[in-house]
Amino acid sequence: MSSQVTVSTICENTKMARENALLGSYDGAAVYYQAVLQQIQKYLQGIREADRREKWVTVRQQIQIEYTHVKDLMSTLASFKADPNVGGDRSAVGGGGVGHGHRIRPHVVPSSHQEQPPDTYDPDVWPAPEKPSPRASKPPARQSNPPARPSANRAGGGGGGPAQRRGGPSTAAPSGARGSP
């Protein structure tokens, strides 16, 4: 087995570290990140050109930052799994200090929910809507559309089309002939 570190090996192990981190396998990711950092350190020992060496130092720093993020995620997950009653000022209500000294504030029950028994209160469920207050005046009634007028173009329409309104010829009986005896 060769002790030479290749760029392709560094790239492949970095890819595996990132994939494991994305999939939530933080332990596996940590192992790959440690291996990559060791490989980069070994690779840097063989580089003589200053520009190239500077670029690899930057890559190592970026990989170190990613590894630190993975370690932070691992410690945060471990704090979730830890017994909440063990330790300093952790309380059963607040859940204790989660990572970096932050404390979780206890949940405050809104006044609208205080009349409910504590075992039925669920902060994710909204209360029933309040009944609307009666209005002083009712909104104006909507006017219905007037009935449509018969059209002259219809068969048997007889509504006296446009010609009749303008004084044109009419088929109606003369005014004196309306059933007068």
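Which residues does Trp56 touch, not counting residues up to four places away in sequence? Select Trp56 and look around: the answer is Val7, Ile10, Ile40, Tyr43, Leu44 and Ile47, where contact means heavy atoms within 4.5 Å.

Before moving on, a word about what is on your screen. This is a predicted model, in which local features need pLDDT of at least 70 and side-chain atom pairs count only at pLDDT 80 or more, while totals for chains, interfaces and linings use all residues. Residues are numbered from 1 along each chain as its sequence is written, and side-chain values use heavy atoms, with hydrogens and water left out.

**Stop 1: helix α1**

Now select residues 7-22, which form helix α1. Helices here are DSSP runs (H or I, at least four residues; strands would be E, at least two), numbered from the N terminus. With its 16 residues, α1 reaches 23 Å from first C-alpha to last, close to the 22 Å expected at 1.5 Å a residue; the expected span is 1.5 Å times one less than the number of residues.

Colour Ile10, Asn13, Thr14, Ala17, Asn20 and Ala21, the buried residues of α1. They cover an arc of only 130° around the axis, so they sit on the same side of α1; the arc is that of the directions from the helix axis to the C-beta atoms. Buried means under 20% relative accessible area, exposed over 50%, and partly exposed in between (1.4 Å probe, protein chains only). Turn to the other side of α1 to find Ser8 and Leu22, which are exposed. What covers the buried residues of α1 includes α2 and α3.

**Stop 2: helix α2**

Next, select residues 26-45 for α2. The end C-alpha atoms of this 20-residue helix are 29 Å apart, in agreement with the 28 Å it should span at 1.5 Å a residue. Its buried residues include Tyr26, Tyr33, Val36, Ile40 and Leu44, and the buried residues of α2 pack against α1 and α3.

**Stop 3: helix α3**

Select residues 50-81 to see α3. Its 32 residues should span 46 Å at 1.5 Å a residue, and the end C-alpha atoms are 47 Å apart, which agrees. Buried here are Trp56, Ile63, Tyr67, Val70 and Ser79, and α1 and α2 are among the elements that cover them.

**Stop 4: the nonpolar core**

In soluble globular proteins, nonpolar side chains tend to be buried together. To see the most connected part of the largest nonpolar core, select Ile10, Tyr33, Ile40, Tyr43, Trp56, Ile63 and Val70: of its 18 residues, these touch the most other members. A nonpolar core is a set of buried Ala, Val, Leu, Ile, Met, Phe, Trp, Tyr and Cys residues joined through side-chain atoms within 4.5 Å. The elements giving two or more residues to this core are α1, α2 and α3, and the largest share, nine residues, comes from α2.

**Stop 5: the salt bridges**

How many salt bridges are there to find? The count comes to two, taking a salt bridge as a side-chain nitrogen of Lys or Arg within 4 Å of a carboxyl oxygen of Asp or Glu.

Select Arg18 and Glu66, whose side chains meet in one of them (2.7 Å, N to O). Arg18 lies in α1 and Glu66 in α3, so the pair ties together parts that are 48 residues apart in sequence. Arg18 is partly exposed at 39% relative accessibility, and Glu66 is partly exposed at 21%.

Finally, pick Arg52 and Glu49, joined by a salt bridge at 3.2 Å, N to O. Arg52 is partly exposed at 39%, as is Glu49 at 44%.
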